[in-house]
Amino acid sequence: MTYLVIKALHLVAIMLFVGGMLVLALALKAYQKDSLGAALRQQIIRWDRFATSPAFGLVWVLGISLAVMGDWFPDTWLHLKFAIVFLLSGLHGTLSGRLKSEKPPSPTSRLPGLALTGLLASVPVIIFLATLKPWI
């Protein structure tokens, strides 16, 4: 029962984190084009601080707890999943920091588009690895 509760909380935290990352990337894209109002930008920054970032911490804590419970640390699929999640963690920090910056990113910066593409490409891979736990 404990495993299922931790797994459910992990999934909720993932949904909050990924949703927050999507919002950050889209907000950064709007900020880059000078079409994001200051009040909305501040609300998104607050949401990141009070929802997305704590969810990010929970994703890691609960995910590691599940890995310990399942004794999956020797498995290659978990190492691949961790590598992708590490990249997403860095991407979150980059997006968050850029949105908090008083100077919007250059209009030619490709970061927002690459962030959206990376996020949308990595989530299905993580789901595949975590669900099937392939022996690769």
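Okay, housekeeping. Residues are numbered from 1 along each chain as its sequence is written, and side-chain values use heavy atoms, with hydrogens and water left out. Since we're looking at a prediction, local features need pLDDT of at least 70 and side-chain atom pairs count only at pLDDT 80 or more, while totals for chains, interfaces and linings use all residues.

Rings first. Phe, Tyr and Trp rings (for Trp, the six-membered one) pair if their centres lie within 6.5 Å; planes under 30 degrees apart are stacked, over 60 edge-to-face, and the rest tilted. That gives 5 aromatic pairs here. One of them is Trp-60 with Phe-82, stacked at 5.6 Å centre to centre with 20 degrees between the planes. This pair links distant parts of the chain, 22 residues apart: Trp-60 is in helix α2 (residues 38-70) and Phe-82 in helix α3 (residues 76-100). Helices, by the way, are DSSP runs of H or I, at least four residues, numbered from the N terminus. Trp-60 and Phe-82 are both buried, as in under 20% relative accessible area with a 1.4 Å probe, protein chains only. Ring pairs also join Trp-60, Phe-73, Phe-82 and Phe-86 into a cluster.

Now the surface. Val-12, Met-15, Leu-16 and Trp-47 make a nonpolar patch of about 400 Å². Patch residues have over 30% relative accessible area and no salt bridge, with nonpolar side chains joined within 5 Å; a salt bridge is a Lys or Arg side-chain nitrogen within 4 Å of an Asp or Glu carboxyl oxygen. Helix α1 (residues 2-32) gives the most, 3 residues.

Notes
Helices (H or I, at least four residues) and strands (E, at least two) are DSSP runs, numbered from the N terminus. Buried means under 20% relative accessible area, exposed over 50%, partly exposed in between (1.4 Å probe, protein chains only). Patches are made of residues with over 30% relative accessible area and no salt bridge: like charges are joined within 9 Å, nonpolar side chains (Val, Leu, Ile, Met, Phe, Trp, Tyr) within 5 Å. Accessible areas come from the Shrake-Rupley method with a 1.4 Å probe; for residues, only the protein chains shown count as cover.
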